Amino acid sequence: MVVANDPLALLLLKQDVETFLYHEANLLDDRRYEEWLELLTDDVRYWVPMRRNVKFGELEREFTREGQDINWFDEGKDTLTRRVNQILTGVHWAEEPLSRIAHMVTNVEILEATPTPAEPETVSLRCRFIIYRNRVATETDILVGRREDMLRRADGQWRIAQRQVFLDQNVLLAKNLTFFF
Amino acid sequence: MAITFQPSAYSGLVDQDNGMVSREIFVNADIYAEEQERIFTRAWLFVGHESQIAKPGDFFVSSMGEESVILCRDRQGEIHVFLNSCMHRGMKVCRYDEGNTPIFTCPYHGWSFATDGALVGVPFYKDAYHEELDKSQWGLIRVPRMTNYKGGIWATWDENAPDFLEYIGDFRTYLDILFDGWDGAEGGTEVIGGIEKWLVPSNWKFPAENFIGDRYHNISHRSVDLVGIGPSGQGRRDTRERDNARALDISFPERGHGTIVFLRPADAQPVPSYQNDPVIADYFYQSEIARKERQGELWRILGGPGTIFPNMSYLPRQPRSIAVWHPRGPDQTEVWRWFLVDSAAPPEVKEFLRQYYIRYSGPSGLTEQDDMENWNYAHAASRGAMARRHHYNYQMGMGHAVTDFEDGGLRIPGTVLDVTKARAGEQNQRSFYTRWADFMAARDWDELAGWRRGNGSGSTC
């Protein structure tokens with residue numbers, strides 16, 4: 001957590017950031033994917049590692065490494081845009097018919113705000129998520145994990161510059177990851 | 001379960017004369033249980049890659065059929081595969097995915113095993129066992145047969161199984177494309193860190209038969225083709241090298257393996273590919289030239305997706321990877337995915353391929369997401385009492401395969417269906433299920449090794 005030498009500014013910032021995160025979740029759940037893409041900076045990094053069972057004392061090897069290993073996702077805006085465009089073809093069978101998805105975002109903590117919480121240009125935050133997906137008739141997935149985001153202020157608006165998603169699963173229990181975290 | 005099947009009934013489930021296969025073999029729990037006995041304890045199975053266990057003490061926990069196994073390099077550097085189950089009361093002795101260890105200690109009662117499988121520690125050995133337990137008899141259960149073929153580690157539980165090279169036979173020509181370097185250097189590949197593992201609600205044979213060579217399912221991938229994720233940003237792959245090539249479906253019904261390949265014309269030359277980046281384009285172009293020099297006529301064979309019976313599938317070129325379809329009940333498959341790169345490739349090439357592999361493959365891959373939707377609901381819609389009465393149709397291209405295919409002086413081993421004009425065929429799937437029926441009916445490897453009796457190789461069902 002950031003040192004709260006300006007607690008009111010921090011409170012307002014947290015409120016501001018949470019409002020942004022809920023707005024983002026609404027766009028995804030409302031299937032407004034192109035608007036969601038606009039929330040990402042052009043240089044966004046989107047990383048979802050896989051997760052191993054490793055010995056106590058070797059936890060630094062628990063996650064596959066960004067930029068080095070195979071990960072569930074390790075990409076930028078170009079590939080994310082292609083994912084959105086794929087859904088919008090209407091023939092992406094894994095999302096046709098579209099899934100019903102709900103993002104729950106909770107446990108939001110501001111980790112860092114620079115240069116100050118009162119006039120922040122970037123904010124690092126941590127939160128927990130539950131993503132509920134139901135599709136076709138009875139198919140249901142629930143994915144839970146931790147997310148670490150870095151937001152950047154641009155044109156008076158927050159944009160997502162970095163998203164790191166730490167899923168609480170080893171063998172992925174969902175048959176695919178056609179949604180966004 | 002409505003019906004209990006006798007071995008003699010399996011041939012009826014795979015109707016080779018009419019190109020039909022019963023849905024029962026995908027959805028019936030009794031048949032599934034029999035498969036575990038008749039196929040997965042007798043066939044050669046892919047376990048892992050030697051680059052995953054480079055140093056003494058390195059281990060990788062894998063799976064053979066439903067069962068957990070430990071792939072491990074002992075202190076002397078020898079590779080072993082053990083059943084991951086304590087000999088005392090069955091507890092998994094290793095619940096980590098990979099790592100390095102001097103010893104596997106069971107967390108239940110504390111029996112401990114060395115990296116060569118030997119039982120080396122038994123609590124209360126003196127007082128409770130009176131030193132009468134013969135530790136040499138209670139080491140971890142070791143696979144009787146194991147092989148390291150060009151870095152790929154394979155094992156079988158059947159000590160009477162033929163050698164691995166006899167098991168794959170002439171399919172070796174095609175498997176080599178996967179494990180050799182892009183320039184044809186023998187075994188010049190390594191695994192990139194991170195093995196994808198995920199569950200698909202479908203019988204394991206759906207993906208196995210898809211990868212053996214299903215050129216018919218292009219509609220599945222219409223969306224990714226529209227969006228474009230290939231190495232040059234278009235389509236699914238860089239395919240200029242396939243220009244003017246013949247399209248061949250190749251299989252070995254007496255063994256169950258199959259692949260699709262593209263056969264370049266006799267006068268073909270390497271074409272530039274991966275042209276978005278000069279370092280990468282140059283690497284692949286120079287590798288092609290070296291491969292052509294090394295392999296001569298064989299260079300004309302461009303590898304495509306394939307399956308080694310029963311459950312190891314692969315893509316030898318783009319995106320270069322291995323998939324194992326671990327059975328987890330009739331209705332569920334746990335997929336494991338390894339990704340390979342040339343060990344000698346420059347970092348730029350490895351990084352480029354890593355990114356391409358991720359966006360193509362597995363649950364997050366723009367291509368394979370759609371495959372899994374199909375396998376999921378094809379399986380689900382085949383489970384009903386009414387659905388089961390109707391066989392699947394595998395009649396495409398029946399009677400059109402040959403066993404003496406030759407083009408420009410190059411003899412192509414296997415049962416070959418030329419689909420250059422037809423664009424698709426199902427000979428490879430028919431070969432797969434022919435072999436499946438053999439495995440389900442045969443008593444032992446004397447029966448299964450039909451090629452030793454000189455029959456089977458000419459089958460063109």
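A residue is called buried here if 20 or more other C-beta atoms lie within 10 Å of its own, exposed if 12 or fewer do, and partly exposed in between, with the C-beta atoms placed from the backbone. This is a predicted model, in which local features need pLDDT of at least 70 and side-chain atom pairs count only at pLDDT 80 or more, while totals for chains, interfaces and linings use all residues. Residues are numbered from 1 along each chain as its sequence is written, and chains are lettered from A and ligands numbered from 1 in the order in which they are written.

Let me start with chain A, where buried residues account for 29% of the 181 residues. Chain A holds 3 helices and 6 strands, where helices (H or I, at least four residues) and strands (E, at least two) are DSSP runs numbered from the N terminus, and along the sequence they follow the pattern α-α-β-β-α-β-β-β-β. The C-alpha trace of chain A spans about 50 × 45 × 30 Å along its principal axes.

Turning to the interface, 33 residues of chain A are in contact with 36 residues of chain B, contact meaning that the C-beta atoms, placed from the backbone, lie within 7 Å. On the chain A side, β2 (73–75) and α3 (77–87) are the elements that give two or more residues, and α3(A) provides the largest share, 5 residues.

Finally, chain B has an open sheet of 3 strands in the order β1-β2-β21, with antiparallel pairing, where strands pair if DSSP finds at least two bridges between them. β1 (14–15) and β21 (392–393) of chain B stand at the edges, each with a single partner strand, so one side of each has no neighbour in the sheet. Within this sheet, Asp15(B) stands opposite Met20(B) in β2(B).

Key
Contact = placed C-beta atoms within 7 Å.
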